[in-house]
Amino acid sequence: MAESRYALLIVDSAMALYRTDYSGRGELSARQNHLGKFLRNLQRIADEFGVAVVITNQVMSQVDGSAMFVGDQKKPIGGNIMAHASTTRLYLRKGRGESRVCKIYDSPSLPESEAIYAIGKGGIEDADE
């Protein structure tokens, strides 16, 4: 990386391999420890080389007693380790028709808000209302 200038590092579905390699609550501690080391390494790369790091993640349904009172019952996997390692978290979901919604879920510098967009032949476009 030191020989060429990169500006973006994307890790797609960061938790997918952790979910298959570590199964059950018995391996939860080992999984979270390894995940923490992985995320610290990504942070180190970002700091040392000035690279933006984008991590995609999976969500799972939250099944508990409060499920009937809450609208969206999905939560990100990875626990507090993943949440605390992330500076700004975005939640992407399908909207009506061909539109998509990007919600600022958690950020120290941005207020919580949403943007509606569409994915077209030319890339990301304004959604037709």
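Which elements do the buried residues of α2 pack against? The description below works towards that helix from the protein as a whole.

This is a predicted model. The protein contains three helices and eight strands, and along the sequence these follow the pattern β-α-α-β-β-β-α-β-β-β-β. The C-alpha trace spans about 50 × 45 × 30 Å along its principal axes. Of the 129 residues in the protein, 20% are buried. Among the contacts with a separation of 6 or more, 36% are made by residues 24 or more positions apart.

Helix α2 covers residues 28–49. At 1.5 Å a residue, its 22 residues should span 32 Å, and the C-alpha atoms at its ends are 31 Å apart, which agrees. The buried residues of α2 are R31, Q32, L35, G36, L39, L42 and A46. Viewed down the helix axis, these buried residues fall within an arc of 135°, so they line one face of α2. The opening question can now be answered: the buried residues of α2 pack against β1 (8–11), α1 (16–21), β2 and α3. On the other side of the helix, S29, K37 and E48 are exposed. After α2 comes G50, which has a positive phi, near 65°.

A positive phi is also found at S13, with a value of about 55°, although S13 is not a glycine. This residue sits in the loop between β1 and α1. With a relative accessible area of 23%, S13 is partly exposed, since a residue counts as buried only under 20%.

The next topic is the open space in the model. Rolling a probe the size of a water molecule over the atoms shows where empty space is left. The largest pocket holds about 1,100 Å³ of space. Its lining is made up of 34 residues, and those that lie nearest its centre are I55, S86, T88, R89 and L90. Two or more lining residues come from each of α2, β2 (52–55), β4 (74–76), α3 (79–85), β5 (89–94) and β6 (99–106). By type, the lining of the largest pocket divides into 18 nonpolar, nine polar and seven charged residues.

The second largest pocket has a volume of about 360 Å³. It is lined by 16 residues, of which R25, L28, R31, M60 and G78 are the closest to its centre. Both α2 and β4 supply at least two residues of this lining, and the largest share, three residues, comes from α2. In the second largest pocket the lining divides into six nonpolar, five polar and five charged residues.

Which residues is D106 in contact with, leaving aside its neighbours within four places in sequence? They are T87, T88 and R89. The C-alpha atoms of D106 and T87 are separated by 7.9 Å, while the two residues are 19 residues apart along the chain. Two of these partners, T88 and R89, also belong to the group nearest the centre of the largest pocket. D106 itself counts as partly exposed, at 35% relative accessibility.

Conventions: Residues are numbered from 1 along each chain as its sequence is written. This is a predicted model: local features need pLDDT of at least 70, side-chain atom pairs count only at pLDDT 80 or more; totals for chains, interfaces and linings use all residues. Side-chain values use heavy atoms; hydrogens and water are left out. On a 1 Å grid over the protein atoms alone, a cavity is a set of points where a 1.4 Å probe fits but cannot get out, and a pocket is an open set with protein on both sides within 12 Å along at least five of seven lines; lining residues have an atom within 4 Å of a point. Grid points are joined across faces, edges and corners, and a volume is the space filled by probe spheres set on the points. Helices (H or I, at least four residues) and strands (E, at least two) are DSSP runs, numbered from the N terminus. Ala, Val, Leu, Ile, Met, Phe, Trp, Tyr, Cys and Pro count as nonpolar, Asp, Glu, Lys and Arg as charged, and the others, Gly among them, as polar. The expected span of a helix is 1.5 Å times one less than its number of residues. Buried means under 20% relative accessible area, exposed over 50%, partly exposed in between (1.4 Å probe, protein chains only). The arc is that of the directions from the helix axis to the C-beta atoms. Contact means heavy atoms within 4.5 Å.
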